[in-house]
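Here are my notes for you, written as numbered points. Keep the model open beside you as you read.

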Amino acid sequence: MERLREFDKECFDHKISVMIAASSLIGGVNLTASKILIINGGPHKGNTWRLTEEVKKILQSFDQTIVFKEAHLSDVDLPFCIGCSNCFRKGHKTCPHNKIVQPIMDLIEESDAVVFSVPCFQGHLPGILKNFTDHMAFMLHRPRYFTKKALVISTTGGVSASSTTKALAATLSGWGFNKCYQLPIRALSWNAYEPTKKDLKKAHDMTKKFYVDVKSGKIHVPSIGVLIPFNLFQAMCVENKGETDYPTEDNYFWPKYSGMRYAPGIPMTPTKKLLGWFIYLIGKKLSKSMVITYIE
Ligand SMILES: Cc1cc2nc3c(=O)[nH]c(=O)nc-3n(C[C@H](O)[C@H](O)[C@H](O)COP(=O)(O)O)c2cc1C
């Protein structure tokens, strides 16, 4: 029962955030001050943080009313995800590290947009950020953040800044983020990067796109990559074959979206709705035979 209440509240909070976003729009411009959270996903304040500070200055030059908050993952001592799968099966609040993860989730919830500062390590996310995203992986099953926008910044020594930003952007879409902008930059440096004129121009142009979108309050039609997990998990987590023997939190989450091909308040084109139904039907077929087992 408590669980159901928690879900009702989350659903309610989502509807409220969509209503607030809509009510503060006049002539397509959001009149309230934008709240932007900056997450430092690197283990230190190096090249990527330097570029992120430039992006912050650019944002301030556009709009001095922006309210910034910062979260530095290296400050929070988050232990490794131990793979207990409690978050998937029993709800994220049963994660042994929820006390550390929840405040960051709350900061994301309270913001309009998030800037992620992500150094490229071996062509991918640094371990400290990968560990954080592992703790949030349950959101690939139970997405939220449907009105949020992100800007992912990465610097690399030579190659793979783009694959780093793409990797995080794909994860954020799975969590429900509405739009994700990317700023991959080749720094050619070990911790002594000074952004060049060319890099600053690129940063300016991408930051402008991000800012204009955040300020407009526009909610975008979801991409196919977002529709697939939403509709597959919805179909596979209601009246599925394993529901009785192997119930999970997903079974409690999805009924509130019954009949919806995406979250309420998010615009959908007829084609995307049709596609959503098609994915849903594939999921329904799979749900009749597929059983995901577990032991306590
Ligand atoms: C552990 C580690 C892995 C790295 N992997 C790559 C890589 O795959 N490709 C690359 O071009 N540079 C790589 N580099 C260089 C960094 O991407 C580059 O110096 C980047 O600007 C670091 O950002 P930071 O100072 O914010 O940590 C690596 C550096 C470290 C410390």
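This is a predicted model: local features need pLDDT of at least 70, side-chain atom pairs count only at pLDDT 80 or more; totals for chains, interfaces and linings use all residues.

1. A polar backbone atom of Cys120 sits 2.7 Å from an oxygen atom of the ligand.

2. How much of the ligand does the protein bury? On its own the ligand exposes 630 Å², and 75% of that is buried by the protein.

3. Now for the shell. There are 17 residues around the ligand, and those that come nearest are Thr48, Cys120, Thr155, Thr156 and Gly158. Sorted by class, the shell holds 11 polar residues and six nonpolar ones, with no charged residues. At least two shell residues come from helix H2 (47-62), and at least two from strand E6 (149-156).

4. Strand E6 leads us on to the sheet. Five strands make up this open, parallel sheet, and their order is E4-E3-E5-E6-E7. E4 (67-72) and E7 (179-186) are the edge strands; each has a single partner strand, so one side of each lacks a neighbour in the sheet. On average, and ignoring direction, neighbouring strands are turned by 15° against each other.

5. E6 and E7 run parallel and are joined by eight bridges.

6. Finally, which helices lie across E5, E6 and E7? Helix H6 (residues 161-175) lies across strand E5 (113-117), E6 and E7, and runs at about 165° to E7. Helix H7 (residues 197-216) lies across E5, E6 and E7 too, as well as strand E3 (35-40), and its angle to E7 is about 170°.

Terms used. Residues are numbered from 1 along each chain as its sequence is written. Side-chain values use heavy atoms; hydrogens and water are left out. A residue is near a molecule or strand if one of its heavy atoms lies within 4 Å of it. A polar contact is a pair of N or O atoms within 3.5 Å; within protein, one must be able to donate a hydrogen and the other to accept it, and residues adjacent in sequence count only if both atoms are side-chain atoms. Accessible areas come from the Shrake-Rupley method with a 1.4 Å probe; for residues, only the protein chains shown count as cover. Helices (H or I, at least four residues) and strands (E, at least two) are DSSP runs, numbered from the N terminus. Ala, Val, Leu, Ile, Met, Phe, Trp, Tyr, Cys and Pro count as nonpolar, Asp, Glu, Lys and Arg as charged, and the others, Gly among them, as polar. Two strands pair if DSSP finds at least two bridges between them. Axes are lines fitted to C-alpha atoms, for helices over the stretch in contact, and angles run from 0 to 180 degrees between N-to-C directions. Contact means heavy atoms within 4.5 Å.
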